Amino acid sequence: MAMAMAMASAISLCFVALFALRSSFFVLTVAATSDNPEFVVELDRSNFTNFVSKLDFLIVSFYTPRCGHCKRLAPEYEKAANILSKHDPPLTLAKVNIFNEANEGLAGSDGTISIKIVREGGKNVQEYKGPLDADGIVEYVKRQYGPASVEINTVEDAQNFISDNKIAVVGIFPQFSGEEFENYTILAKKLRSTEEFFHTSDAKLLPRGKSSVTGPLMRVLKPFDELFVDTQDFDVDALKKFVEKSIVPTVTIMDGDKNNQRLVDNFMYNSNSKVMLFINFSSEIAASFEYKYRELAELYKGDGLSFLMADIDASLHAIKQYGVKDGQIPFIILLSDKTKYLKSNVEPDELSPWLKRYKNRELEPYIKSEPIPEHNDEPVKVVVSHTFQDIVFKSRKNVLLEFYAPSHKACKQLASVFEDLAMAYRSDPDVIIAKFDIFANDLVHDFEIWTLPTIYFKSADGNISKYTGYATKKDLRDFIEKNRSKAADEHSDLKDEL
């Protein structure tokens, strides 16, 4: 699931800071100059709990000042905050800086960039899964502000709420009470951050499906496959599984069309293993690929696999993420938990045998890695995916490891500091100063990387610490000396020299 979420981020989503909030009884005045008013409210540990406790709905954004996505969001976020401040009642956007470790743990935050919907004064927390442009933020916040399920009373209601190109979940009930309706309401509250829920007592108002039913019945209306599906199993878990299964197409198409983006998101959030085929949609062989791939998707339907077919022109970032070169397209990749399997230069007739080999556990996992350096004798050692375990975990050394990107400005600025630090430790056999290109290699260990550069220290006895101090040689040195294994204390002369 973590890998799928990473893929979702690469293709379509930037999980960045966003925090919207409202209260029927709470009005906030934002301190700012009249010439340049700011509508986004900054919260921290000192005021967060008191602020949240007075609200029955808010969306909490946890951000870091160095995050590129957060910086790009800022003007859209401020614009949305301005618009929502004029809503009746006013809706307010706020943010929490998680680069400050004191703010970790607020609303369940684990110190990573995330977006949380917090309800009932903090008792109910969900992930924010809405748009990140100003207009999208505004509409999403308004929808989250309202009831979990909206009643459809007239044909006009149905026309306004339900469209041919969107997914809608509708409960049909003879009366809005009883166990079935209560369970449906529970479901709507659980899934409202991603799906739109409605209820009605008249099925004739709906655009698709049998109009004679009186319910209780739940209908999922969708713009693909069979267009609508019904269920009468009102166990909450059964309803949830039904919706999650119904909102993912047999084959999800990723072609750059904004109307398909929501379906791509559903594919990524789905708990199934992900099978993704990347081809040129305008190539002569595209039709053959589509026929064979859909045939395969139908064959494995309900077998724990979800299928996506992507046009290479709409997925260049994803292709780069997997380390695939132009000469290796078309390719198919499968994500299962945290393991990847890949076949490049695939042909239509090879799709089925390759997937069968996966089901038979005959495929070797794929790991994106830079070549292992022939000579790794520079002061700052180069770590790649294929050497990560040996250098970081099996060397029994104290390792200070920078996760970086060569083109990143802050990483470039840190390079000379790391070089000086590595030179100072060059004669210490128990300390390794190293770097890992996060975009050229797959992570083969569960390190959380949300900003660049990110620095971790693994002591010789296996303890892992994240560095959050200043990017100076002295501060980095002090951090190493504080956290290094006691087995290295014999090098006291070097420490004095440093």
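In the predicted model, helix α3 (residues 68-84) packs against α4 at an angle of about 45°, and the two axes are 8 Å apart. Angles under 35 degrees count as roughly parallel and 65 to 115 as roughly perpendicular; α3 and α4 are therefore oblique to each other. The crossing in which α3 passes α4 is right-handed. On the α3 side, the contact is made by Leu73, Glu76, Tyr77, Lys79, Ala80, Ile83 and Leu84, and on the α4 side by Ala134, Ile137, Val138, Val141 and Lys142.

Helix α6 contributes Asn183, Tyr184, Ile186, Leu187, Lys190 and Leu191 to the contact, while α7 contributes Val236, Leu239, Lys240, Val243 and Glu244.

A further pair consists of helix α9 (residues 286-299) and helix α11 (residues 351-359), which pack at an angle of about 30° with their axes 10 Å apart. Because angles under 35 degrees count as roughly parallel, α9 is described as roughly parallel to α11. The crossing of α9 past α11 is right-handed. Phe289, Lys292, Tyr293 and Leu296 of α9 make the contact with Leu351, Ser352 and Leu355 of α11.

Isoleucine 285 is located in the loop between β13 (273-279) and α9. With a relative accessibility of 34%, isoleucine 285 counts as partly exposed, since buried means under 20% and exposed over 50%. Glutamate 347 is 62 residues from isoleucine 285 along the chain, yet their C-alpha atoms are separated by 9.1 Å. When neighbours within four places in sequence are left aside, isoleucine 285 is in contact with Glu347 and Pro348.

Serine 306, by contrast, is placed in strand β14 (residues 305-311). Serine 306 has a relative accessibility of 5% and therefore counts as buried. Between serine 306 and threonine 252 there are 54 residues of separation in sequence, and the distance in space is 8.4 Å from C-alpha to C-alpha. Apart from neighbours within four places in sequence, the residues in contact with serine 306 are Val248, Phe267, Asn270, Asn272, Ser273, Lys274 and Val275.

Aromatic side chains were also examined. The model contains 21 aromatic pairs. One of these joins tyrosine 128 and tyrosine 140, with 4.6 Å from centre to centre and 70° between the planes. Planes over 60 degrees apart count as edge-to-face, so this pair is edge-to-face. Tyrosine 128 lies in the loop between β6 (124-127) and α4 (134-145), whereas tyrosine 140 belongs to helix α4; the pair, 12 residues apart, thus links distant parts of the chain. Both partners are buried, because tyrosine 128 has a relative accessible area of 2% and tyrosine 140 a relative accessibility of 4%, and buried means under 20%.

Ring pairs additionally link Phe173, Phe176, Phe181, Tyr184, Phe197 and Phe234 into a cluster. Within this cluster, Tyr184 is also among the α6 residues that make the contact with α7. Elsewhere, lysine 129 lies over the face of tyrosine 269, at 4.4 Å from the ring centre.

Technical notes. Residues are numbered from 1 along each chain as its sequence is written. This is a predicted model: local features need pLDDT of at least 70, side-chain atom pairs count only at pLDDT 80 or more; totals for chains, interfaces and linings use all residues. Side-chain values use heavy atoms; hydrogens and water are left out. Rings of Phe, Tyr and Trp (its six-membered ring) pair if their centres lie within 6.5 Å; planes under 30 degrees apart count as stacked, over 60 as edge-to-face and the rest as tilted. Helices (H or I, at least four residues) and strands (E, at least two) are DSSP runs, numbered from the N terminus. Buried means under 20% relative accessible area, exposed over 50%, partly exposed in between (1.4 Å probe, protein chains only). A charge sits over a ring if NZ of Lys or CZ of Arg is within 6 Å of the ring centre and within 35 degrees of the ring normal. Axes are lines fitted to C-alpha atoms, for helices over the stretch in contact, and angles run from 0 to 180 degrees between N-to-C directions. Angles under 35 degrees count as roughly parallel, over 145 as roughly antiparallel, 65 to 115 as roughly perpendicular and the rest as oblique. A crossing is left-handed if the near helix is turned anticlockwise from the far one by less than a right angle, and right-handed if clockwise. Contact means heavy atoms within 4.5 Å.
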